[in-house]
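Biologist: Please show me the model. I would like to go through its packing with you.

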Amino acid sequence: MVAEVTGVTKQLRTVEKTGVLDELLLSVVDETLKQVFREAGAKAIYDYLGNKFHLERDEIAEKPEVFSVGLEELLVSAGPVIENMIINSLYSKLELKFAKKKGYAFSDYLKELREKCGC
């Protein structure tokens, strides 16, 4: 019985941590898009992602690959630059050192972050 309770408690902590990372990611995405494109531009990007890719803002953490494809289709070569700004800011807010890795995509960095912080 104790093992079951401990297992459930660990699962709840993981869900809480995942929620925290997801919320931080969404906050950083908002902050970055508004910094670069202002409020109206950020809204236009979210609208585009919603209309063209059926990706809502709160789904970005669950579907980072879709977010990447949408940004790159809309912004062309600026898409990866924006993704890099987001990842840099996210690592900074988590007080982690960011090192760009060859062959890594936006979603790879997020997966690595989840593994590093157990969230």
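Biologist: Where does Asp 30 lie, and is Asp 30 buried or exposed?
Modeller: This is a predicted model, with local features needing pLDDT of at least 70, side-chain atom pairs pLDDT 80 or more, and totals for chains, interfaces and linings using all residues. Numbering runs from 1 along each chain as its sequence is written, and side-chain values use heavy atoms, without hydrogens or water. Asp 30 sits in helix α1 (helices are DSSP runs of H or I, at least four residues, numbered from the N terminus). Its relative accessibility is 15%, and buried means under 20%, exposed over 50%, partly exposed in between, with a 1.4 Å probe on protein chains only, so Asp 30 counts as buried.

Biologist: Which residues does Asp 30 contact, leaving aside neighbours within four places in sequence?
Modeller: Contact means heavy atoms within 4.5 Å. With those neighbours set aside, the partners of Asp 30 are Tyr 46 and Arg 57.

Biologist: Are α2 and α4 roughly parallel or antiparallel?
Modeller: They pack at about 150°, axes 8 Å apart (axes are lines fitted to C-alpha atoms over the stretch in contact; angles run from 0 to 180 degrees between N-to-C directions). Angles under 35 degrees count as roughly parallel, over 145 as roughly antiparallel, 65 to 115 as roughly perpendicular and the rest as oblique. Therefore α2 and α4 are roughly antiparallel.

Notes
Helix = DSSP H or I, 4+ residues; strand = E, 2+ residues; numbered from the N terminus.
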